Amino acid sequence: MNYCKGFLTLLALVLLAGCAPQPQPDHLTQIRERGVLRVGTLLGPTTYYHEFESEGGLEYALAATFAEQLDVELEIVSRYNIKDLFGLLDRGQVDVVAAGLDRTPRRDRNYRFGPPYQEVAQRLVYRQGSRTRPRDWSQVDGEVVVVAGSSHHDWLRRNSERFPELRWRATNEHDATELLRAVIDGEIAFTIADSNILDMQRRYFPNISVAFTVRDNLDVSWMLGPGRDASLYAEVIQFFGDLRQSGELDRLVDQHFGHVSQFNYVDTSLFIDAVQTTLPKYRDFFVEHSGQLDWRLLAAISYQESLWNPRAVSATGVRGLMMLTLPTAEEMGVSSRLNPEESIRGGARYFERMLGTIPARIPEPDRTWFALASYNIGYGHLEDARVLTERQGGDPDRWIDVRKRLPLLRQKKYYRQTRFGFARGDEPVRYVGNIRRYYDTLVWLDERGRIPAQPLEISLPIGSGDEVN
């Protein structure tokens, strides 16, 4: 009898255990079991965008690297406004939000922030020439429009009592880039823009002017939702720590933003004007002789070299649209450096040769940046800088590391250790940065059909032989 009671008691316990809810795997384990990392982001040029059949943007590059590390597929869930993005996170429909968002008191109360991976400033902007530049909030004489749910919106809401005369509103109808366009088109007076977005847009719209900085030194981080365990959060912290230590984080940020922070209004305006008035004269030549190169990169090199002036000449004797030396011109089969087509053909073949000298193990886009530096300063001096980079513990196969050492070739204590000696190493750094900006602008304009396609009509004299006689 006692045996039967004990058996029945044991059976009851087993049945109860079978009915009890089983412990759920942690967040990170769930992601690995499903085989997919879901990342929410905003559509935009600094975060995530589609380009033909590929995807791009800093947030996409970071998320793809993280998913690869977890050995899962990446699913990007994109939205146009921040409110929708936070909704995805609140409902657990995405694992993380990677959208270039900064930390605010309101967000800090509800979400976990990963380690900062970028720093931005927020600036009040207006269209140049539309009004007198305001120096502080008391001088702002028009309405300020910001994206609803943004940190700009949050800041204005928290500080509106300090500026009772200030007129402002938040909108869900436009994203940050569209608000900058609205400023340019005169549809709104002011907006607040993050410095990284502003830097990118000023390459195409130089008339965007900065009134003053609203907030500075703001950390940008990934965000994780409420009510989750810390397993994914710990992995995100480890990921960014490893990425920073390896130098890969600096490389990715530099790839997307390293060449846009230096803005020159006059230079940018002159370039955009030249695209409209001068480039159409030579566009067909760039396309015809580009070979395996992107014709827009070839055109960017030419603008940096000569401002698309076929009769350009330097004090050192280089001449023409591609500013070839006489020995290089002869080697490339160019009979007249003043002939635009011959100069473009010769410059294209010479740049292809430079690309061919760069070690094949170096991936793009670094390989192109190295080739551009070689075109400017010579392969020997570039190799000297790469050797210095390796000696100092940097990566000689990464442009971001080598460009830090190129200026050292001006200093005796460094160049006396090199094979080719003194060089103006700061020049190729500026050279590559300028070409990257020109190239990005040409790509943007070309994809939107804003480079005029006119019949080739060259009014400048074309030499029949080289001008050295």
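Me: Helices are DSSP runs of H or I with at least four residues, and strands are runs of E with at least two. In this predicted model, where does D71 lie?

Reply: D71 falls in the loop between α3 (58-70) and β4 (73-79).

Me: Why is D71 called exposed?

Reply: D71 has a relative accessible area of 70%. Exposed means over 50%, so D71 qualifies.

Me: What about L307: where does it lie, and why is it called exposed?

Reply: L307 lies in the loop between α13 and α14 (326-331). Its phi is also positive, near 55°. The relative accessible area of L307 is 52%, and the cut-off is over 50%, so the label is exposed.

Me: Why is Y265 called partly exposed?

Reply: Y265 has 32% relative accessible area. Buried needs under 20% and exposed over 50%, so 32% falls in between. Y265 lies in helix α11 (residues 265-277). With V266 and L270, Y265 makes a nonpolar surface patch of about 270 Å².

Me: How many aromatic pairs are there, and why is W137 with W155 called stacked?

Reply: The structure holds 25. For W137 and W155, the centres are 5.6 Å apart and the planes stand at 25°. Pairing needs centres within 6.5 Å and stacking needs planes under 30 degrees apart, so this is a stacked pair.

Me: What makes the W137 and W155 pair a tie between parts of the chain?

Reply: W137 is in the loop between β7 (118-127) and β8 (144-147), and W155 is in helix α6 (residues 151-159), so the pair joins parts 18 residues apart in sequence. Both residues are buried.

Me: How do you know that Y303 and Y438 are edge-to-face?

Reply: Their planes are 80° apart, with 5.0 Å centre to centre. Y303 sits in helix α13 (residues 295-306) and Y438 in helix α20 (residues 426-447), 135 residues apart. Both are buried.

Me: What puts the charge of R112 over the ring of Y233?

Reply: The charged end of R112 is 5.2 Å from the ring centre. The distance limit is within 6 Å, so that part of the test is passed. R386 lies over the face of F370, 5.7 Å from the ring centre.

Technical notes. Residues are numbered from 1 along each chain as its sequence is written. This is a predicted model: local features need pLDDT of at least 70, side-chain atom pairs count only at pLDDT 80 or more; totals for chains, interfaces and linings use all residues. Side-chain values use heavy atoms; hydrogens and water are left out. Rings of Phe, Tyr and Trp (its six-membered ring) pair if their centres lie within 6.5 Å; planes under 30 degrees apart count as stacked, over 60 as edge-to-face and the rest as tilted. Buried means under 20% relative accessible area, exposed over 50%, partly exposed in between (1.4 Å probe, protein chains only). A charge sits over a ring if NZ of Lys or CZ of Arg is within 6 Å of the ring centre and within 35 degrees of the ring normal. Patches are made of residues with over 30% relative accessible area and no salt bridge: like charges are joined within 9 Å, nonpolar side chains (Val, Leu, Ile, Met, Phe, Trp, Tyr) within 5 Å. Accessible areas come from the Shrake-Rupley method with a 1.4 Å probe; for residues, only the protein chains shown count as cover. A salt bridge is a side-chain nitrogen of Lys or Arg within 4 Å of a carboxyl oxygen of Asp or Glu.
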